[in-house]
Amino acid sequence: MPDAQAKSEDKAKDFFVDVPFETPGFFLKGSAHLDWGMKNRLSRIFNPKDGRTVMLAFDHGYIMGPTSGIERMDLAIPPLIPHVDCLMCTRGALKTCIPPETSKPVVLRSSAGATVLKELSNEVIGVTLEDALRFNAAAVTCQCYVGGPFEKESLANLCHLVNEGNRYGVPTLGVTAVGRELVRDARYLGLAGRVIAELGAHFNKTYYCEPGFDEVVAGTPIPVVIAGGKKLPEADALAMAYKAIDQGAVGVDMGRNIFLAEDPAAMAAAIRAVVHDNLKPDKAFQLYNDLKGKACGCGDSDCCQG
Ligand code: R5P
């Protein structure tokens, strides 16, 4: 009875022919036309609920050696992991100091070859895409020294990562790297962010500036996150993060202002409240002081119940 069986199966099917197939956009700026793998990786870095992220940057050692606050990454970083959305570091840091059990996505520092002892902009790409995939990277990243002595080389590094990443669905973070001689104003940061986006990067890390940060973001057609820069008083760092988010940034990729805070876990939690809950700076500083020296109440078993 094959015909009868086929008929009864047909009856059970419902193709919802009256319901149009939706073609939704994507929650991240400039990312609607990316393919599935790219979007999936970006959705691990940026929370799809609000499109924002708190990235913890601890890649400083690749140019600065044992940076204050992260002399022992194995001690400093794991307690902060529950409080952030994403880790940004080198493969050396990952394989030596970060428990592979973590489910947090990693943006892998892939440029190499310079140190603070010489010209910083003279970098190469030191990590193959194959190795980035072996480390399960959610994205790869390099410095972009627009206007620097090795501008062309650093932008070629960015293009290389974008080209390789596009083959495998791995997004690239282009970092606006400001050399000693360059001014961090809106004109420069806007120029650099735009160049980085036009060369194909999927998101841009830059610095907060005033006035004009809103125009830096508006002229950069990809998501923008800010670095923290040199250590500031905690209240000032929280205020800077608030102003950046208020003017269009979709997160932070912050290092020293978290791991050099008097209580790094409390600072990460306060930054998180600014980024994801739009907490005003005074309230965020109050939250920081409330959490300082205490378990943060996040309920994560690696943190408060550990
Ligand atoms: C700079 O070269 C590194 O990419 C850092 O990750 C970046 O500067 C963010 O760290 P911080 O918030 O300490 O400036």
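Predicted model: local features only at pLDDT ≥ 70, side-chain atom pairs only at ≥ 80, totals over all residues.
Student: Why is Thr172 called buried?

Tutor: Its relative accessibility is 0%. Buried means under 20%. The value falls under that cut-off, so Thr172 counts as buried.

Student: Where does Thr172 lie, and which residues does Thr172 touch?

Tutor: Thr172 is in strand E7, residues 172–176. Leaving aside residues up to four places away in sequence, Thr172 touches Val140, Leu158, Leu161, Val162, Ala201, His202 and Phe203. Contact means heavy atoms within 4.5 Å, so each of these residues has a heavy atom within 4.5 Å of one in Thr172.

Student: How far apart are Thr172 and Arg91?

Tutor: In sequence, 81 residues separate them. In space, the C-alpha to C-alpha distance is 16 Å.

Student: Which residues of E1 are on each side?

Tutor: Thr53, Met55 and Ala57 are on one side. Val54 and Leu56 are on the other. All are buried, and both faces are covered.

Student: How do you know that E1 pairs with E10?

Tutor: Pairing takes at least two bridges. E1 and E10, residues 251–254, have 4 bridges, so they pair, in the parallel sense. Leu56 has Met254 as its bridge partner in E10.

Student: What joins E1 to E2?

Tutor: 3 bridges join E1 to E2, residues 86–89, and the strands run parallel. At least two are needed, so this is a pair as well.

Definitions and conventions:
Residues numbered from 1 in each chain as written. Heavy atoms only, no water. Buried < 20%, exposed > 50% of the residue type's maximum accessible area, 1.4 Å probe, protein only.
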